[in-house]
Number of protein chains: 4
Amino acid sequence: MARTMKRWEMDGLGRDRLALKQAPVPEPATGEVLVRVAAVSLNYRDRLVIERGMGLPLAFPFTPASDLAGTVEAVGPGAKRFAPGDRVISTFAPGWIEGAPLGNARTPPYRTLGGAYPGVLADYVAFPEDWFVRAPASLDDAQASTLPCAGLTAWFALVEKGRVRAGETVLVEGTGGVALFGLQIARAHGAQVIVVSGSAGKLERARSLGADHAIDRTAEDWVEAVLRITDDHGADQILEIVGGPHLGKAVQAAAIGGQIHQIGVIEGFEVAAPVGPLMLKNLTIQGIGVGHRRALEHLVVAVDRIGLTPVIDARYPAAELPAALDHLDRGAFGKIVVEMT
Amino acid sequence: MARTMKRWEMDGLGRDRLALKQAPVPEPATGEVLVRVAAVSLNYRDRLVIERGMGLPLAFPFTPASDLAGTVEAVGPGAKRFAPGDRVISTFAPGWIEGAPLGNARTPPYRTLGGAYPGVLADYVAFPEDWFVRAPASLDDAQASTLPCAGLTAWFALVEKGRVRAGETVLVEGTGGVALFGLQIARAHGAQVIVVSGSAGKLERARSLGADHAIDRTAEDWVEAVLRITDDHGADQILEIVGGPHLGKAVQAAAIGGQIHQIGVIEGFEVAAPVGPLMLKNLTIQGIGVGHRRALEHLVVAVDRIGLTPVIDARYPAAELPAALDHLDRGAFGKIVVEMT
Amino acid sequence: MARTMKRWEMDGLGRDRLALKQAPVPEPATGEVLVRVAAVSLNYRDRLVIERGMGLPLAFPFTPASDLAGTVEAVGPGAKRFAPGDRVISTFAPGWIEGAPLGNARTPPYRTLGGAYPGVLADYVAFPEDWFVRAPASLDDAQASTLPCAGLTAWFALVEKGRVRAGETVLVEGTGGVALFGLQIARAHGAQVIVVSGSAGKLERARSLGADHAIDRTAEDWVEAVLRITDDHGADQILEIVGGPHLGKAVQAAAIGGQIHQIGVIEGFEVAAPVGPLMLKNLTIQGIGVGHRRALEHLVVAVDRIGLTPVIDARYPAAELPAALDHLDRGAFGKIVVEMT
Amino acid sequence: MARTMKRWEMDGLGRDRLALKQAPVPEPATGEVLVRVAAVSLNYRDRLVIERGMGLPLAFPFTPASDLAGTVEAVGPGAKRFAPGDRVISTFAPGWIEGAPLGNARTPPYRTLGGAYPGVLADYVAFPEDWFVRAPASLDDAQASTLPCAGLTAWFALVEKGRVRAGETVLVEGTGGVALFGLQIARAHGAQVIVVSGSAGKLERARSLGADHAIDRTAEDWVEAVLRITDDHGADQILEIVGGPHLGKAVQAAAIGGQIHQIGVIEGFEVAAPVGPLMLKNLTIQGIGVGHRRALEHLVVAVDRIGLTPVIDARYPAAELPAALDHLDRGAFGKIVVEMT
């Protein structure tokens, strides 16, 4: 095995502080596994961390990104969950196994990989074995790397919290990673899916992925379109990915007893909504902060069973991380993946 | 039986348009029951309807108020649920029996007594039998009249939706009708209750009703106080009665996985909150629009079993409705009831 | 409209007491609708009622069967839910709208069509409008008639109670009506389905309907086969259709935290099971007595959305009811339908 | 600290093989804590293990019993959850933190303390820190030792699974440890409690603990009595502690939609029940195998908040374990505790 490896590191905030460095391959300590990273999936949040830090206690040199797929290369003392050769994916919020997330009212659970914990844009990482989950057999590494954050967020909202069922109407905002997972997961449960986007081209691609209805929000009032499509029933579940005052539109479009999953922060960190329909329609707004390991294990089983193929817009080699981030800036259709090996 | 009766009527919006009139005692039509009204409980909402109409399609002359307790006097053809002499209370949202409320995304379920339907400030009303529930045996009429809106709202939030359990921490805002029912219901399930108010005197009365902790929000930052009291755990359930941007404070004070029940509109009809803790803490915001008949039936059984006595701040005779509304303006500790007979 | 019609009637228990008679077309009373019956789906239970009465308070002349699809022909005074020309299906347990079934601990809710209430093997029936649900647009009458009992039973178990999700393993016993609906509904939610049967031919047909695994219980121990197929995980949900001591096998085959839906009575009216795995595996046994109207409405929407086509083994003209019952005796693959018109 | 300690050990099955021996005080290994045991609560199950082994893979010399309260004396390398001086209680099923229990369909989760794992009838034990929970501040050691099995079983059934609420009727069978915890927990949530027993004296004591109704099953048919007391409503939740064919009686006594928690095995290891009411009443039978650590943590908080005092029938010094087991044979009112120090 190699003694040195490549790793993206930052010595301060800002995209220009990213550099691909040489570093020693880590040794797995007690309870840890050494994983050879094959692919890293990027999230919108990675941009925010790289550029602004998001108020996180980053330790420099800092390696960004949270979502990897790879292969266990070695096993530290006492580690028992995996053996060398096992294909694994990371968990976004290490240590959140099941039930409520860690933390408390004063200090919400913000500790994730590529944030308070080190990131994964490296040839190897050595982390506690509890931070990994077996990868789905039916996906390649790049595909598998998209599950820990984007895939799990959509699954946690629609399945773990929303218990989506056949015949429901699910509204998906945009065509990013979480949105397209939401589309695929909802369809796999027999739900009708409506996608809202500002791009006719992306809507066309969403249709070919199985969207039942596609609304171009630049061409019409999308809330009115949802009401028209559903004959005033509204959407039973909404992945609210835009955020900010946009929550108010979700409240208008939601069905009686509907569930709104608050996921995104694109339009701001303060959500707002009219209280009348929220109360009269008995709506539930569910804050989603990715999800726990047990749900990720469920998602992995489901992916293999239903043959769900994550949508990857582009794959970049490790050295081209800046180009990958530029692609993220332009807005991806699904996920952007960096292939390490 | 009398042929004429007294009834409060308005010929237009505004408190000065209220007049106590003579009217014929109605006849119960097919499927209806005639109820002799003994007591009517007033809600904050009644003020809004009387003064501003709240955009409702009111039919003038209009009789306000929604919550009554009384006795079945006669039974129309085909009505089978009640017999003359049965003590009953009204349901706030007629026809909402169980499950999701009536209506759809475009037209939320706004049809209630004392609004789209006629009100109950009358000696007699004749309504469909489905609009009533048997009154609790352990309460007098004035007490029983407080259950349909204030009592059910607190019960629906904490029990039907929140499934409150012993050991949880419940935060109650203020000392109005819903707040005090919330305090009593939470205590009856073994929860720890924190009350926040701006009045030292009312906090003292809340303590004597069983509140474990009382926070004077004029003396300290109440969110900080909740964190201190709970050792940073936060509140597992919050009755968000203030509304508007105040929801943001509830989000700060909520425990990991906590539930916020959005109930009130005192500070505005647009709620707002920071999205970070909403998502990271996995919070649920539940819009509460009173509740269904089956839950009211559960509440009635519970009231009799646990000996819950609703808190009535003052009782006014029928003729003194204006004084009762003035009292409501000043802010009541618990409920204000108008006794018809 | 015709003044007389055909109707199957019995003047006592026993299949030889069935006769196709002339009867007056009924008039819809207040709140009722007159429905022209197009198709009637038969259930195993109909045989038990026809032959043994099942202890029900049958009124002779008695018309059996509970599940119809047809068209509203006329509307009685005060009926508002349907208009002439609307295609409808019946509800199995009239009056059970939502939540808990009617009845109490002493008198369980046994009142169904073709039992305590009259049956539907007639050209016309006049029933309260609340007893009907709109038929799915995507099914013909014979197909639609299979939903009220067999379809709803499987849906109520797996979706309403079980909240089946992608990746779960669902075990279905046999290839009768409920079993095949269970197979189709579970597949529509992304679950893996295992079918157990004693007929190789029926297993082959089940595979072609989408079953992932087919176990011939005459060729091997089916519990062992389930454990082998699932790598010892077991079945997350089981439609226990055989009943009697067979429940014990379901308990053995169930996964940790698994749900067993008790549906059938083929092997007896007393279920039995080993308590050790029931307790240690934290299993839930859910008694299923068909389901409520709101769930049937959900099923109808889902059927149209996912394109579920009920499996009909054979269709018989009205006059050939005895042959249809003989087919039921031999064991049907899916449903047997009698076409009235 | 002492170097040697006392420990009850068996060199084979049978009560006569129990001997109080000297043993070295264990050292806490990596991730372990050393706990000085103050009190050990005995369970019915301990008798079965001591006398028959229950098919468990016991390692001789074997120390029985699972439920302790004590004080952390020392902390092994890497252990972080507790500090010396912390008062703790054990968890019955080590490693079951939340969600579904460990194990699979073939090998249910049978690994508990005083069984597949070593027992706690010793002055000291050294176990992984994950196997402990902080003790409630409001209880002494003997009282605290009753929570891990008896207390948690009742809590897990009624609160974690059953979500008991005010106004429900809870039926408790007998007056053993689980039964009395069930009585106290149900009462703390505002439920009405009915106790069934064969002893008039114990029923009297149950009344003084808060039971609303007491049925002497030797004096009348207890199912009929439940129906009479509840006006035919039946019991919403039943702690089925007797087991075997007795489950059938619980099915008869249960309310529509009621929940039966299968807990006990006194009358046999094969449960049986009539399937008619099980299905028609939409009953749920929930297998309860104690519960997970998170629920035990909830119970501890609740005990402190509501001031629940476990019922201890008798306390025995460590040397008098045989007398304590004899008392268990005779049937205890609540719990029997052995005090080690």
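**Reading the interface of chains A and B**

Tutor: Chain B can be laid on chain A by a turn of 180 degrees and a shift of 0.0 Å along the axis, with an RMSD of 0.0 Å. The two copies are thus related as by a two-fold rotation axis. This is a predicted model, in which local features need pLDDT of at least 70 and side-chain atom pairs count only at pLDDT 80 or more, while totals for chains, interfaces and linings use all residues. Residues are numbered from 1 along each chain as its sequence is written, chains are lettered from A in the order in which they are written, and side-chain values use heavy atoms, with hydrogens and water left out.

Student: How are copies superposed, and which residue of chain B comes closest to the rotation axis?

Tutor: Two copies of a chain are related by a rotation about an axis and a shift along it. Superposition is by least squares on the C-alpha atoms of residues with pLDDT of at least 70 in both copies. In chain B, Ala272(B) comes closest to the axis, its C-alpha lying at 2.1 Å.

Student: How many residues are in contact, and what area is buried?

Tutor: The size of an interface is often given as the accessible area lost when the parts come together. Chain B and chain A bury about 3,600 Å² between them, 59% of it on carbon and sulfur atoms (accessible area, 1.4 Å probe, lost on being put together and summed over both parts). Contact, meaning heavy atoms within 4.5 Å, involves 46 residues of chain B and 47 residues of chain A.

Student: How many salt bridges does the rule find across the interface?

Tutor: A salt bridge is a side-chain nitrogen of Lys or Arg within 4 Å of a carboxyl oxygen of Asp or Glu. The rule finds 4 across this interface. Arg106(A) forms a salt bridge with Glu224(B), where the closest N and O atoms are 3.1 Å apart.

Student: Which element gives the largest share of the side of chain B that touches chain A?

Tutor: Helices (H or I, at least four residues) and strands (E, at least two) are DSSP runs, numbered from the N terminus. The largest share, 5 residues, comes from S13(B).

Student: Which strand of chain A is joined to S13(B), and how do the two run?

Tutor: Two strands pair if DSSP finds at least two bridges between them. Here 5 bridges join strand S13 (residues 270–274) of chain A to S13(B), and the strands run antiparallel. Within S13(B), Pro274(B) stands opposite Glu270(A).

Methods: Buried area is the accessible area (1.4 Å probe) that two parts lose on being put together, summed over both.
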